[in-house]
Amino acid sequence: MNFKHIKAILFISAISLSNVIHAQKSAKLTQFVDPIIGSAKHGHVFVGANVPFGAVQLGPNNIMEGWDWCSGYNYVSNTITGFSHTHLSGTGIGDLGDISIMPATGKTILHKGKKGAEDLGYLSTFSHQNEVAKAGYYSVLLDKYQIKAELTATERVGFHQYSFPKNANQPHLVIDLIEGIGWDAPTSVSFKQLDATTIVGNRNSKGWADDQRLFFVIKLSQPITNFSIYEEDQLKSSKDVKGKKLKAVVDFTSINNNKLQVKVAISPVSIENAVFNLGTELPDWNFAATVAKADAKWEQQLAKVKIDASTNTKKIFYTALYHTMIAPSLFNDVNKDYLGTDKKIYRKANFNNLTTFSLWDTYRAANPLYTILHQDKVNDVVNTMLAIYKQQGKLPVWHLMGNETNTMVGYHAVPVVVDAYLKGYRGFDANLAYEAVKQSAMQKTNGIEYIQKLTYIPADKVNESVAKALEYAIDDYCIAMFARALNKPDDYSYFSKRAQLYRQYFDTDVQFMRGKMADGKWRSPFNPVVSKHREDDYTEGNAWQYTWLVPQDVEGLIKLFGGEKPFVNKLDSLFTVPADLGENSSPDISGLIGNYAQGNEPGHHIPYLYAYAGQPWKTADLIRKIDRDFFSAKPDGLCGNEDVGQMSAWYVFSAMGFYPVNPANGTYVFGTPLINAATIQLPNRKKFDIKVVNNSNENKYIQKITINGKPYSKSFITHKTIVNGGTMQIYMGSTASKVWGVTAGNRPISTP
């Protein structure tokens with residue numbers, strides 16, 4: 001081979017290497033996000049365009065067909081009634097769907113229509129073959145009008161682009177302020193045309209959120225030919241109308257270049273602030289650039305965890321990570337003004353006010369995940385909660401758009417606040433935080449008054465007594481830890497005793513947590529399998545599922561069973577005893593393995609309990625089975641409600657190989673990693689690398705672990721170890737380990 005040949009080979013090799021490097025640099029993580037995952041069956045996820053934690057969730061609404069349309073969209077549908085600007089993701093109750101806009105042609109139709117009679121309404125059918133859903137972008141072809149709808153967003157602005165057929169007949173928009181999701185209904189709305197391209201107004205409504213207030217500005221890319229406002233289908237003569245049930249039709253003689261763009265900015269405070277939001281966030285008309293910016297915002301957040309895994313696992317993982325960042329969402333304006341829960345306007349706050357706190361769900365894993373990945377958001381979350389405390393007299397329970405819904409049981413803002421403090425977050429008033437969490441525990445409602453006397457909640461006096469008591473005990477443990485950190489010994493002693501009250505519900509004869517009557521007798525008859533939705537001693541569950549809800553004191557729970565062997569025997573049975581829940585059970589009890597329900601939050605920690613009893617390989621078996629059976633890259637890829645990020649947070653943690661069993665003690669229990677490697681990007685250019693050696697379907701058991709090159713024998717890792725940065729190597733094998741993490745000193749601990 002001569003010198004010229006060698007030079008040519010080197011030149012070609014250099015080009016090939018350059019191409020590989022370029023491909024690696026250009027490969028975006030957003031390509032693995034599929035917002036359609038979880039949109040079928042019970043996932044209830046939002047499908048549409050938004051940016052991380054944005055106030056706007058702009059997406060399509062289907063004809064409502066029942067519970068599985070809580071987000072406004074379900075994959076089995078083929079109808080679209082319009083594109084609205086606010087949506088929930090994964091909830092079990094529907095609401096929002098504010099400011100629905102539908103492009104249309106032909107004769108004006110004021111009613112949206114019904115399924116099976118699509119031609120009688122302004123709605124249109126569509127095909128999933130003509131639908132594209134990405135992070136920050138959504139498009140679909142409306143069959144009825146042959147209009148291509150494209151959507152993207154900034155934090156507070158929804159951007160629509162509609163491509164009409166050439167020479168479209170009577171092109172127009174239907175703007176519907178009546179249309180909402182669930183039982184949402186307008187209470188006071190308005191339209192006003194400001195000029196040839198600008199419409200403003202408000203939509204106040206009542207639904208799950210009892211008093212939702214929203215202001216908007218709509219900016220059009222071309223002048224309006226005619227603007228018609230209808231109230232109860234009656235045309236109003238004015239272009240400035242206030243009412244309760246208003247729709248408007250925006251007519252155009254023709255569409256310039258067949259493309260109409262619409263920008264809609266929202267505000268919880270005022271029309272003026274909505275206009276300011278629009279001018280600040282989206283002053284131009286470059287739709288493609290806005291899509292690119294939305295994609296870049298998602299890329300920046302997704303890049304906080306870079307994994308090495310199969311393409312399928314990457315799709316599931318990054319879609320899950322995406323789903324954890326839809327909420328909590330911004331509930332303020334660019335100038336930091338926001339609407340308080342007391343309906344007062346708070347100007348120029350020194351934090352970002354947020355909304356959509358599904359705390360019965362998210363305290364378990366989603367909020368702990370934020371303390372690692374979104375350290376810049378944690379103080380905003382806590383400050384929002386403390387502001388709510390001052391405005392409504394208690395911390396949020398399930399807060400939505402400036403309203404307390406009081407949905408679900410427990411006072412679970414407490415573990416979120418306490419976890420933040422114990423992990424070193426100090427961007428909030430610690431004394432106010434302690435006052436707030438203590439107040440939660442001293443309310444005189446929902447059976448808390450019995451807990452205050454250090455006694456049990458009588459099942460014949462308070463509904464869902466066992467579920468409430470077990471959730472309260474978790475929260476009270478957190479208050480005790482906060483009191484200890486603040487050197488409040490009396491409170492520490494008192495709340496530590498309250499955290500142990502779970503023991504009073506454990507019947508040693510049957511080895512279940514069960515309801516106890518006011519006379520001290522167990523509720524009878526007792527069937528640990530049957531569940532009656534929100535009408536028995538449990539909340540969306542049965543005795544099999546709730547008996548394990550003691551993440552704050554697993555060691556104590558083991559003692560109640562009489563030791564590790566009976567504890568493990570009972571835990572084994574949970575996954576094998578058939579579930580016969582009864583006719584009136586909750587649809588939330590889904591994703592069943594025996595009586596274990598992956599599809600609902602109270603059981604999410606249970607697979608990890610084996611590690612406390614020295615049998616971590618059983619956790620590995622279960623995590624792999626749950627991954628295989630209940631998470632996929634298909635539309636039905638979630639086995640239960642997404643619940644505002646919690647279902648996905650379980651997967652994100654579990655895929656990396658560990659999970660926060662106790663939501664506020666700063667430790668994460670190892671399971672089995674589903675990835676080959678991960679890099680967690682931390683502030684100040686620090687990172688935590690996870691390298692998994694010999695991982696495969698067969699090699700699912702952890703054999704040994706090293707951290708920064710040193711052997712690590714514990715079956716848990718601390719939050720401090722992760723956020724300090726470093727490298728962890730996990731060595732996998734096909735044999736259930738009898739050494740790693742088994743000895744008593746290496747097992748997880750409830751109170752470090």
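**Reading the labels in a predicted model**

Visitor: What makes the charged end of arginine 364 sit over the ring of tryptophan 360?

Guide: In this predicted model, the charged end of arginine 364 is 5.0 Å from the centre of the tryptophan 360 ring, and a charge counts as over a ring if the distance is within 6 Å and the direction within 35 degrees of the ring normal. The charged end of lysine 516 likewise sits over the ring of tyrosine 456, 5.0 Å from its centre.

Visitor: Why is glutamate 179 called buried?

Guide: Its relative accessibility is 8%, and buried means under 20%, so glutamate 179 counts as buried. Glutamate 179 is found in the loop between β10 and β11, and, leaving aside neighbours within four places in sequence, it is in contact with Thr81, Gly97, Ser100, Lys112 and Arg203.

Visitor: How do you know that the span of helix α3 agrees with what its 16 residues should give?

Guide: At 1.5 Å a residue, the 16 residues of α3 should span 22 Å, and the end C-alpha atoms are 23 Å apart, which agrees. Buried residues of α3 include Phe287, Ala294 and Trp298, and the buried residues of this helix pack against elements among them β7, β18 and α4.

Visitor: What makes the aromatic pair of phenylalanine 658 and phenylalanine 670 edge-to-face?

Guide: A search of the whole structure finds 35 aromatic pairs. Phenylalanine 658 and phenylalanine 670 form a pair at 6.4 Å centre to centre, with 85° between the planes; pairing asks for centres within 6.5 Å, and planes over 60 degrees apart count as edge-to-face, so the pair is edge-to-face. Phenylalanine 658 and phenylalanine 670 are both buried.

Methods:
Residues are numbered from 1 along each chain as its sequence is written. This is a predicted model: local features need pLDDT of at least 70, side-chain atom pairs count only at pLDDT 80 or more; totals for chains, interfaces and linings use all residues. Side-chain values use heavy atoms; hydrogens and water are left out. Helices (H or I, at least four residues) and strands (E, at least two) are DSSP runs, numbered from the N terminus. Buried means under 20% relative accessible area, exposed over 50%, partly exposed in between (1.4 Å probe, protein chains only). Contact means heavy atoms within 4.5 Å. The expected span of a helix is 1.5 Å times one less than its number of residues. Rings of Phe, Tyr and Trp (its six-membered ring) pair if their centres lie within 6.5 Å; planes under 30 degrees apart count as stacked, over 60 as edge-to-face and the rest as tilted.
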